[in-house]
Amino acid sequence: MAVDLEKILRPVDRPMPPFPPKHMTIASGEEMVIRQVGRDEIPDVLPFIAPLMYVERDFYDVVAARVYSELMAYYKHRVQDEYVLVAQIDGELCAVVNGRMVTEDVGMSLHTLALRRGLRIGAHAFAAKMEYHMDILGHKEVLVVAESPIGFRRWMIEYDLEKRFDIPHELGGVPSWALTRELFERARDTLVVGRRPVPDDLIEKARAGILPPSDPPTPPEDLLAATRSLYDPTGTALVLQRWRQEGKVGG
Amino acid sequence: MRDVYVVGIGITSFTRLEYPLSEIAAYPAMMALRDAGLAAVDHLYVANMGSGRVNHQTGLASAVADTLSLTPAGAEVIENGPASGASAIKAGFLAVASGAYDTVLVTGAERMREVNNLEATDFVATLTHPIAENIYGVTLPSLAAMFTRLYMERYGVTERHLAMVAVKNQNNALLNEFAHLHQRITVEGILDSPEAMTNNPYVSTPLRFFDCCPVSDGGACLILASREMAEGLGRPLVRIAGVGQATDTHCVHEREEPTDLLAVRRAASQAFEMAGLAPSDVDVAELHDAFTILEIVESEEVGFFPKGEGHLALERGETSLEGRLPINPSGGLKGRGHPVGATGVAQAHEIVLQLRGEAGERQVADARVGFTCNFGGFGNNVVCLAFVREN
């Protein structure tokens with residue numbers, strides 16, 4: 001008797017209403033669109049996450065490796081009730097956030113990965129994720145953990161998350177923190193921003209294609225680059241490092 | 001006194017650095033020695049504010065001298081809060097001017113990001129009065145915020161003016177390879193858009209996030225030498241023409257007029273007098289914009305603009321890179337970063353670079369006279385320096 005193993009291995013997703021896209025002006029004055037992507041767009045996202053697995057700084061390596069596996073699992077139907085949101089500026093991929101619906105009342109925040117830094121892009125994307133859980137999926141609370149001190153400052157401190165240390169989080173089994181509805185409502189006016197509907201030109205540009213990040217975190221070739229300029233007759237090793245990363249010189 | 005020249009300069013990236021503090025101090029020194037074409041100096045001054053507290057390391061000068069293989073030259077740490085850098089330059093200047101030494105290495109370094117931002121803020125707040133200010137929870141942002149509120153009421157400075165300083169300096173930093181912040185910002189994004197309050201929240205009203213400098217690691221170095229030495233080295237002749245320093249009350253609330261920064265005024269006046277220059281002679285300046293309001297007020301107190309009119313000059317674009325008197329072309333503390341002990345040296349590094357004509361895309365055209373203001377405490381210990389390009 002033939003057995004279709006795929007039917008056994010593939011979880012059955014429950015229906016989840018879509019995240020309505022929104023847009024906002026970030027500190028640079030650029031318009032950023034946050035929208036949900038389906039499985040069909042995951043192959044367009046993965047190539048931009050992979051290089052971050054080699055950035056040791058601020059736990060990018062851990063987060064990128066996990067995001068890559070979570071998105072791949074989503075793409076290949078090996079995770080249940082996951083969703084993925086992306087933040088884009090002029091089509092450029094700036095952040096990826098994802099999470100899961102655990103029950104009808106509880107959501108599980110998985111990751112927030114900023115591909116451009118310093119402009120609160122990751123924080124805006126995280127807020128959109130919480131908005132999705134609370135306002136769209138109707139969750140009563142979202143379980144959250146942070147893998148980096150930056151994440152801890154952004155989530156645990158800014159949202160004043162409650163401890164749920166009796167619940168191991170899906171990310172490494174570490175103690176969870178929770179964003180409750182009350183905490184979310186308290187943060188709504190200050191941290192959860194954006195406008196709907198997204199103007200046609202913005203959303204069309206975002207949907208037209210996921211473009212590479214213009215300034216992603218990169219692994220330093222030489223942590224002492226500024227100093228090594230001593231031995232670099234062309235200028236500073238920092239400049240050389242950037243040229244290498246931009247492909248202007250070999251090696 | 002003998003004339004004193006800057007014959008070598010070096011700097012690290014201002015960011016979070018992963019190597020030890022003594023190396024952060026030593027690497028720019030190695031670059032400066034190479035720049036000067038020297039292998040040894042007579043004496044070292046190492047500017048640092050917090051190694052004992054933040055990095056659990058004291059006796060930094062000895063470590064730096066040894067790291068650089070400059071023993072048995074004498075070496076000592078100069079600590080004067082965030083003005084440590086310029087104080088160290090002043091010490092080096094006096095040592096060469098007096099004839100005690102012919103060559104002096106002045107390096108400033110700080111590794112603040114070894115601790116988190118809250119601890120770093122707490123560390124910097126130790127320069128406030130321990131009994132009259134610090135125990136009540138005063139921090140530098142909160143002092144600056146109270147100062148800003150008074151200034152706004154008295155002189156008509158608005159949050160828009162503060163945002164204009166932030167945008168100008170952070171965008172200047174885009175042209176500085178070694179600056180901490182490399183993100184373009186706009187007034188629209190940090191002040192006017194519906195999301196501006198989230199992008200740029202209040203840290204201590206009326207100061208917002210982008211009104212405050214980042215917490216940085218970094219080092220910078222100058223090599224100072226006598227005229228005889230300098231002429232023999234063949235580098236562009238940039239002379240330290242004027243040095244001024246003044247103090248003010250430790251407690252800000254004890255000042256007769258809290259919106260006056262008298263130490264800035266006096267230190268600048270001394271520096272200009274020694275140099276035989278006037279504020280109108282200055283082509284380019286680096287001012288201590290730990291908070292955006294400070295650039296505006298210092299630009300008045302040093303004499304570039306009349307009191308209460310710094311923000312109007314800013315509005316007219318006079319302090320932009322293309323303006324009549326570019327201020328903080330390096331990005332300033334706001335954009336380049338503020339490793340406290342290194343900042344004064346980094347300001348001088350930028351001015352020397354400008355006067356040599358080596359500042360690349362941010363070069364101020366025909367710069368011959370430069371000026372720095374390094375602000376210690378909340379204006380209670382200030383060092384100003386004037387530089388002149390001679391050849």
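Two residues are in contact if their C-beta atoms, placed from the backbone, lie within 7 Å. By that criterion, residues 24 or more positions apart account for 62% of the contacts in chain A with a separation of 6 or more. The structure is a predicted model, and the predictor gives the complex an ipTM of 0.90 and a pTM of 0.91.

**Confidence**

- The average pLDDT of chain A is 89, and 88% of the residues of chain A score at least 70.
- For chain B the mean pLDDT is 96, with 100% of the residues reaching 70 or more.
- Residues 226–236 of chain A keep a pLDDT under 50, although the model has 23 contacts beyond four places in sequence for this stretch.
- Where pLDDT is low, the predicted coordinates should not be read in detail.

- Chain A contains nine helices and eight strands.
- Of the 251 residues in chain A, 42% are buried.
- Between the chains, 23 residues of chain A are in contact with 25 residues of chain B.
- On the side of chain A that touches chain B, at least two residues each come from strand E1 (22–25), helix H6 (181–191), helix H8 (225–228) and helix H9 (237–245) of chain A.
- That side of chain A is made up of 13 nonpolar, eight polar and two charged residues.

**Helix H2 of chain A**

- In helix H2 (residues 42–49) of chain A, the buried residues are A:Val45, A:Phe48 and A:Ile49.

**Helix H12 of chain B**

- Helix H12 (residues 292–301) of chain B is largely enclosed by the rest of the structure, because ten of its ten residues are buried.
- Among the buried residues of H12(B) are B:Ile293, B:Leu294, B:Ile296 and B:Val297, and also B:Glu295, B:Glu298, B:Glu300 and B:Glu301.
- The elements of chain B against which the buried residues of H12(B) pack are helices H6 (140–155), H7 (159–173), H11 (262–275), H13 (310–315) and H14 (332–335), and strand E10 (369–376).
- After H12(B) comes B:Gly303, which has a positive phi near 105°.

**Packing of helices H4 and H15 in chain B**

- Two packed helices are described by the angle between their axes and the distance between the axes.
- For helix H4 (residues 84–97) and helix H15 (residues 340–356) of chain B, the angle is about 60° and the axes are 5 Å apart.
- H4(B) and H15(B) are therefore oblique to each other.
- Residues of this contact include B:Ser84, B:Gly85, B:Ala86 and B:Ile89 of H4(B), and B:Val340, B:Gly341, B:Gly344 and B:Val345 of H15(B).
- The residues of the contact of H4(B) with H15(B) comprise eight nonpolar, six polar and no charged.

**Backbone features**

- Most residues other than glycine have a negative phi, and most peptide bonds are trans.
- The peptide bond between A:Arg196 and A:Pro197 is cis, with omega at about -5°, and A:Pro197 is located in the loop between H6 and H7 of chain A.
- In chain B, a cis peptide bond with omega near 15° runs from B:Thr71 to B:Pro72; B:Pro72 belongs to the loop between helix H3 (60–67) and strand E3 (74–78) of chain B.
- A:His77 is not a glycine, yet its phi is positive, at about 55°. A:His77 lies in the loop between H3 and E3 of chain A and counts as partly exposed, because it has 15 C-beta neighbours inside 10 Å.
- B:Asn328, also not a glycine, has a positive phi of about 60°. B:Asn328 is in the loop between H13 and H14 of chain B and counts as buried, because it has 28 C-beta neighbours inside 10 Å.

**A loop residue of chain A**

- A:Asp215 is placed in the loop between helix H7 (200–208) and H8 of chain A.
- A:Asp215 has 13 C-beta neighbours inside 10 Å and so counts as partly exposed.
- A distance of 8.3 Å separates the C-alpha atoms of A:Asp215 and A:Arg117, which are 98 residues apart along the chain.

Terms used:
Residues numbered from 1 in each chain as written. Chains lettered and ligands numbered in written order. Predicted model: local features only at pLDDT ≥ 70, side-chain atom pairs only at ≥ 80, totals over all residues. Buried ≥ 20, exposed ≤ 12 C-beta atoms within 10 Å, placed from the backbone. Helix = DSSP H or I, 4+ residues; strand = E, 2+ residues; numbered from the N terminus. pLDDT = per-residue confidence, 0-100. Axes fitted to C-alpha atoms, helices over the stretch in contact; angles between N-to-C directions. Parallel < 35°, antiparallel > 145°, perpendicular 65-115°, else oblique. Nonpolar A, V, L, I, M, F, W, Y, C, P; charged D, E, K, R; others polar.
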